[in-house]
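Please keep the sequence and the coordinates at hand while reading.

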Amino acid sequence: MKAIEVEAPGGVEALRLVDLPEPAPGPGEVALAVAYAAVNWGDTQKRAGIYPDPVPYPAVLGMEVAGIVAALGTGVRDLRTGDRVAALCGPRLLGGYAETVVVPRPYVLCVPATMSLETAAAMPLAGLTAYHLLHSAYRLRRGETVLVHAAAGSVGQAVCQVASAVGARVIGTVGRADKVAAARMAGAEVVIDRSREDFVEVALEATGGRGVDLVIDSLGGEILPRSFDALRIYGHLINIGEAAGEPNFPIRKKLYERSTSMAGFEVLHAEPGSTRWRRGVRFVERLMGAGLLRIPIAAVLSLDEAAAAHALLEGRGTAGKVLLRVRGDSAG
């Protein structure tokens, strides 16, 4: 099978199209004929060798896919070959940039008949991350206000939509004026262009000076310490990435300024296969089926254009998901 492999960390030139043996599912596993693979920020970190968790090189990148069930391992009884599904790519979140990927059954989501596989490929990671951020890591309640950084990105848009679905108020920030519309379409009531506005000032004004209940920060860098200033007293911040760089500030001192709190986040800590995980899968499947979770596709490139896809994502000019067409609609 064709796959994109990284033999050792490096730039986009490290992405190589190779031929690898076709994998077969073991007990409790599902083999998918991959139609589309999503390109995520974590993929670029793994390629560059800066991902927080260890990566076994050589590695086939790819954290999430959509496609057709090609084969079932023993013990998998609730799926059939030919089913249309989306999936996270197992406990290491690797392997999606390939014509076939094998994943444990709990990592698979069923795709509604009304949704294309192209659209579905953008859903698993963003949808489950949004659900567990707002239901597991923090219990967002109706009427609360959440500030979402990078609200035009795939995870940011999913967080906006899930927050809106539970009746919360959403304030989003974006890095460029041309991303405002995407954040607003995702459900952000107030959208702040950080290139022209002080997001702390606008967030405080929008909350009558009280501050927001929750901040979801995927940027880090200089954005993270300032985000605490937008929180209410006893407010909470969850950091999910460092797209703007590694933050460097006296965190303990910052927490004491408004008696705030901070947490990190990893979606797989929700324990795939657990009751909590299954609730998240059902929630995301329900929103997908109702058309309440939509991540726009910014670009679709062929598998052998993986380097260009990484360059596009790292250029930060996209609003939505970048996909690789692997088998495309011929996957079935």
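Helices (H or I, at least four residues) and strands (E, at least two) are DSSP runs, numbered from the N terminus. This is a predicted model, in which local features need pLDDT of at least 70 and side-chain atom pairs count only at pLDDT 80 or more, while totals for chains, interfaces and linings use all residues. Residues are numbered from 1 along each chain as its sequence is written, and side-chain values use heavy atoms, with hydrogens and water left out.

**Backbone features**

Proline 58 lies in the loop between H1 and strand E4 (59–60), and the peptide bond that joins tyrosine 57 to proline 58 is cis, with omega at about 0°. Positive phi values in residues other than glycine occur at tyrosine 234 and at serine 259, which are set side by side below with their relative accessible areas; here buried means under 20% relative accessible area, exposed over 50% and partly exposed in between (1.4 Å probe, protein chains only).

**Helix H10**

Within helix H10 (residues 306–314), the buried residues are Ala306, Ala309, His310 and Leu313. Seen down the helix axis, these buried residues of H10 fall within an arc of 100°, so they line one face of the helix; the arc is that of the directions from the helix axis to the C-beta atoms. An α-helix has 3.6 residues a turn, so residues three or four places apart point the same way. With contact taken as heavy atoms within 4.5 Å, the buried residues of H10 pack against strands E1 (2–6), E2 (15–19), E3 (29–39), E15 (297–302) and E16 (321–325), and against helix H1 (41–48).

**Nonpolar cores**

A nonpolar core is a set of buried Ala, Val, Leu, Ile, Met, Phe, Trp, Tyr and Cys residues joined through side-chain atoms within 4.5 Å. The largest such core has 101 residues, of which Tyr97 and Leu134 touch the most other members, and E3 gives the most to this core, with eight residues. Apart from it lies another core, of 18 residues, among them Ile192, Val202, Leu224 and Phe228.

**Aromatic rings**

Rings of Phe, Tyr and Trp (its six-membered ring) pair if their centres lie within 6.5 Å, and planes under 30 degrees apart count as stacked, over 60 as edge-to-face and the rest as tilted. The structure holds three aromatic pairs. One of them is formed by tyrosine 131 and phenylalanine 283, a tilted pair at 5.0 Å centre to centre with 45° between the planes. This pair links distant parts of the chain, with tyrosine 131 in helix H3 (residues 124–137) and phenylalanine 283 in helix H9 (residues 275–290), 152 residues apart, and both residues are buried. Phenylalanine 228 and phenylalanine 249 have ring centres 6.2 Å apart and planes at 55°, so this pair is tilted. Phenylalanine 228 is itself buried, with a relative accessible area of 2%.
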